[in-house]
Amino acid sequence: MAELRPFPPSQRRRALARQAGLHAASPLLVGGLACAAAVIVIAMIGAAMAARAGAWIEAAVRLDATLARIRGVPVETLARDAGVTSIGAVLYEENCAACHGRDGRGNQLLGSPNLVDGNSLYGNDAGALLTSILDGRRGAMPGLGGVLGHEGANEAAAYVLSLNGYQAPADWIAAGKVRFDALCVACHGVDGQGNQALGAPDLTDDVWLYGRDFNRMTQTIRDGRNAYMPAWRERLGEDRARAIAAWVYAAGQRETGAAN
Ligand code: HEC
Ligand code: HEC
């Protein structure tokens, strides 16, 4: 008769049960810990986002308050208000720097004028500045290559350079002056000093929208130029435009050393 196997001692059974229980519990434990960790992480992210949103809302409220303070105030006055110009600087960077450069010194490849050199196409006063920003501008230099021919364009460019003290063959300059008097004075003026009502640049001050390079100048004369400045009234509204104008105006004053 087969001997009955002794039943496992109760202590060992309990140990086994405990072990089994633990094994059963461990996925739960791990899962629970993971959940808790996830909850903590989510809570932390949530708190961080809430803090950022809070800061953002606070900044927006402060911006609104400052913009309300700006309404209708002359740009020259705003230019002396650091709270306004610091907002203007941020808005300038976001909306204007791509074309006019971070420092406002323009970009001759784009024909974007230097805004801080005290030399404006449309007038140096704050009113012209704000109008440029709100309503945009479009330069209209017609292509005159058809009338002038290649040689005529070279002569006209030589004459323009001579107005700025640069050397060029005397016969080119003489022929260029005749061309200039016939075709250019209507916009650039008899003396070549430009016309702010038309945005026609002064061609005697050695300040160049497109650069002084002879080839670029003859290209301008042959093919024309139509630099385009977008209007910002719809996109930014007048208060923000004023804040930007204040920053540009102040930067110009700093750059040219002009007193307010
Ligand atoms: C897409 C490029 C572009 C952007 C963006 C741009 N501008 Fe212009 N801006 C121009 C060009 C090009 C002109 C020259 C227009 C012309 O020749 O008539 C100009 C002209 C101006 C003028 C007149 C300059 C003068 O000599 O009288 C002012 C002021 C000006 N921009 C300010 C701004 C400000 C402020 C912003 C941002 C809100 C801005 N621009 C954004 C391209 C740009
Ligand atoms: C209908 C008016 C008009 C006439 C005519 C005209 N221009 Fe212009 N010119 C302009 C305007 C406006 C600009 C600025 C273009 C821009 O903003 O893109 C300009 C720009 C220029 C420039 C570039 C200046 C710079 O700063 O880089 C030169 C050079 C120039 N003109 C020479 C001439 C010459 C030479 C003639 C005659 C052969 C002439 N223009 C005739 C209106 C005119």
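Predicted model: local features only at pLDDT ≥ 70, side-chain atom pairs only at ≥ 80, totals over all residues.
The shell around ligand 2 comprises 29 residues, of which Gly 139, Met 141, Cys 184, Cys 187 and Ala 227 come nearest. Four helices, α6 (145-163), α7 (170-183), α8 (185-188) and α9 (214-223), each contribute at least two residues to that shell. In terms of class, 21 residues around ligand 2 are nonpolar, six are polar and two are charged.

I turn now to ligand 1. Here 27 residues form the surroundings, and the closest are Cys 96, Cys 99, Gly 139, Ala 227 and Met 229. At least two shell residues come from each of the helices α4 (97-100), α5 (126-135) and α10 (233-256), and likewise from each of the strands β1 (137-138) and β2 (228-229). The shell around ligand 1 holds 17 nonpolar, eight polar and two charged residues.

Gly 139 and Ala 227 deserve a remark: both are named among the nearest residues of ligand 2 and among the closest of ligand 1.

Finally, let us consider two of the helices that line ligand 2, α6 and α7. How do their axes cross? The axes of α6 and α7 come within 7 Å and cross at roughly 100 degrees. An angle from 65 to 115 degrees counts as roughly perpendicular, and α6 is therefore roughly perpendicular to α7.

How values were computed:
Residues numbered from 1 in each chain as written. Chains lettered and ligands numbered in written order. Near = placed C-beta within 6 Å. Nonpolar A, V, L, I, M, F, W, Y, C, P; charged D, E, K, R; others polar. Axes fitted to C-alpha atoms, helices over the stretch in contact; angles between N-to-C directions. Parallel < 35°, antiparallel > 145°, perpendicular 65-115°, else oblique.
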